[in-house]
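Please look at the sequence and the model below. The text after them is a walk through the fold for a reader who has not seen this structure before.

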Amino acid sequence: MLARIRSAAVLGIDAYPVDVEVDITNGLPSFSTVGLPHGAVKEGRERVSAALANAGFSFPLRRITVNLAPADIRKDGSAFDLPIALGILVASGQLPEERLRDHVVIGEVGLEGDLRPVRGALSMALAARTARYRGVLLPHANLPEASVVEGLDVCGARTLLEVCGHLCGTESIAPTRVDIPALMADPGFSDVDFADVRSQAAAKRALEVAAAGGHNILMIGPPGAGKTMLARRLPTILPSMGLDEALETTKIHSVAGTLPAGQSLLTQRPFRSPHHTISDAGLIGGGSSPRPGEVSLAHGGVLFLDELPEFRRNVLEVLRQPLEDGVVTLSRAAMSLTYPARFMLAAAMNPCPCGYLGDPLHACSCAPLAIERYRSRISGPLLDRIDIHLEVPAVAYGDLAGEQSGETSGTIRSRVEQARAVQRTRFRDQRGVYANAHMSARDLRRHCRLSVPVEAVLRQAVTRLSLSARAYHRVLKIARTIADLAGAAEITTAHVSEAIQYRSLDRKQEFA
């Protein structure tokens, strides 16, 4: 007898429908899976056979063939365990098929018949809705993330027996609904706030500009100046996430297996801070079974690279394409996957190997050649892709011991959101552009027109600092953002002058 169970599989961060066909015929007892199964899918036959026996069902000692269609795409993961188990029960006449025809089934089965969570449940639920299925049956642990998909009956079960009882009508599993507006309500950041940062007015202003325009930023300063402290508070002043952005970010973390247990949506912008020993595959994604890397896990949020020169050169260079395009494309012999990677890069470094170049309280012990070698670990093309170069000086004792606190993150975020609202209106007809940092050369000519006096100031700066064409465009984008924060329609000399100050590494340094 033949049974067909609807399921789904993840490809990249999206999912596609898969038909699990189970055929049981007379012959020597065997259990074979076809349709390009890989890894955990192949091992699923052992889990399924043990789970059915331990749950009290009769496992047919006949020839069992499982086909995963479409058969020309490699299948990976443990999400096919539950549909295969139900397919065997239907094909052997132990379970009716009627209530399975309009449902997608996913889930890993334990040896005792318990259901365990799988990766990518949100993507599979969205694929089920797109394919116009009525509902989804999945493990109870995946219920929070899948239940945010509206227009779909999402039912979660803890055991195989519970699923079978629901399909037979002896017990009912009620669909779960979530209050999406309540989920999207601003949860705030209880542990970090810009009010905790003493002094550093220039640094906080630069971070506000970076957040308002989506600009990448590099902070240069001595140890203990507060670079990491500032970076960790950057997500608290970014605009609140919309539902579509939250869904896309949650899909990435669901596929990667980093979604916190019991959480439906990621409503706070992610902050990722990988160690400098990370590999290039760990940073941009990949592996034998490709997974999203840190640049994709930081999508919609901040990727913080502390001690930037300590990262391997080949690791830093793979950042070029994601910084420009906002996506990562992984090409393999059998497939090509694209992951979103629109993030803000925040990096930190010391001005020299010892860290005290230019510090009035500590003498630098580094030779000029050592300083040059240290800074050359960051290539010119990568520096050009970082909009803001910010010098962060050490904080004086008087500022640390004082009682006065600065502006809160909420106050700064309100100004950032006003500037982003201006940019959304400006780019409302352009797909994929929602901040000044994403403007193309054509957009710059249209939205960053300069008067003659302002152009003269910029021309002098470009000539004296020997700025590249990309750095020139970066200055224009930053100036446009500063004007948006000021509520100005036109870019003035003051806006351009401030933007030029944020290109400190383009100025010639005297090593002494």
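The paragraphs below go from the whole chain to its sheets, cores, single residues and pockets.

The model is a predicted one. Its protein chain has 21 helices and 18 strands. Taken along the principal axes, the C-alpha atoms fill a box of roughly 85 × 50 × 45 Å. Of the 512 residues of the chain, 51% count as buried.

Strand S1 (residues 2-11) and strand S2 (residues 14-25) pair in the antiparallel sense, over ten bridges. Within this pair, Ala8 stands opposite Pro17 in S2. The hairpin of S1 and S2 has two residues between the strands, and in this hairpin Gly12 takes a positive phi near 75°.

Helix H2 leads back to that part of the chain. Val90 lies in helix H2 and counts as buried because its relative accessibility is 2%, where the limit for buried is under 20%. What does Val90 contact, leaving aside its neighbours within four places in sequence? The residues in contact with Val90 are Met1, Ala3, Ile5, Leu95, Pro96, Glu97 and Leu100. Val90 and Ile5 are 85 residues apart in sequence, while their C-alpha atoms are 9.1 Å apart in space.

Helix H5 comes next. The buried residues of H5 (residues 160-168) are Leu160, Val163, Cys164, Gly165, His166 and Leu167. An α-helix has 3.6 residues a turn, so residues three or four places apart point the same way. In H5, Leu160, Val163 and Leu167 are among the buried residues. The cover over the buried residues of H5 includes helix H1 (40-54), helix H2 (81-91), strand S7 (115-116), strand S8 (135-139) and strand S9 (153-157). Just after H5, Gly169 takes a positive phi of about 90°.

In soluble globular proteins, nonpolar side chains tend to be buried together. The largest nonpolar core here has 50 residues, of which Ile217, Leu230, Leu234, Ile388 and Leu390 touch the most other members. A second, separate core has 40 residues, including Ile24, Val41, Val109 and Val163. Not counting residues up to four places away in sequence, Ile217 touches Ala206, Leu207, Ala210, Leu345, Ala346, Ala347, Ile386, Ile388 and Leu390.

An open sheet of five strands, with parallel pairing, has the order S11-S14-S17-S10-S18. Strand S11 (271-272) and S18 stand at its edges with a single partner strand each, so one side of each has no neighbour in the sheet. The partner link of S11 is to strand S14 (residues 302-305), which it joins in parallel through two bridges.

Asp387 lies in the loop between helix H15 (380-384) and strand S18 (388-391). Is Asp387 buried or exposed? Asp387 is buried, because its relative accessible area is 2% and the limit is under 20%. Leaving aside neighbours within four places in sequence, the contacts of Asp387 are His215, Asn216, Ala437, Arg474, Ile478, Tyr502 and Arg503.

Rolling a probe the size of a water molecule over the atoms shows where empty space is left. The largest pocket has a volume of about 600 Å³. It is lined by 20 residues, and the closest to its centre are Asp244, Glu245, Glu248, His299 and Tyr434. Helix H9 (243-256) and helix H17 (409-426) each supply at least two residues of this lining, and H9 gives the most, with four residues. By type, the lining of the largest pocket divides into six nonpolar, seven polar and seven charged residues.

The second largest pocket holds about 510 Å³ of space. Its lining has 30 residues, of which Gly214, Leu323, Arg342, Ala437 and His438 lie nearest its centre. Helix H13 (320-325), helix H18 (441-447) and helix H20 (469-486) each supply at least two residues of the lining. The largest share, four residues, comes from H20. The lining of the second largest pocket divides into twelve nonpolar, eight polar and ten charged residues.

Methods:
Residues numbered from 1 in each chain as written. Predicted model: local features only at pLDDT ≥ 70, side-chain atom pairs only at ≥ 80, totals over all residues. Heavy atoms only, no water. 1 Å grid on protein atoms, 1.4 Å probe; cavity = no way out; pocket = protein on both sides within 12 Å on 5 of 7 lines; lining within 4 Å. Points joined across faces, edges and corners; volume = space filled by probe spheres on them. Nonpolar A, V, L, I, M, F, W, Y, C, P; charged D, E, K, R; others polar. Buried < 20%, exposed > 50% of the residue type's maximum accessible area, 1.4 Å probe, protein only. Contact = heavy atoms within 4.5 Å. Core = buried A, V, L, I, M, F, W, Y, C linked by side-chain atoms within 4.5 Å. Pairing = 2+ DSSP bridges.
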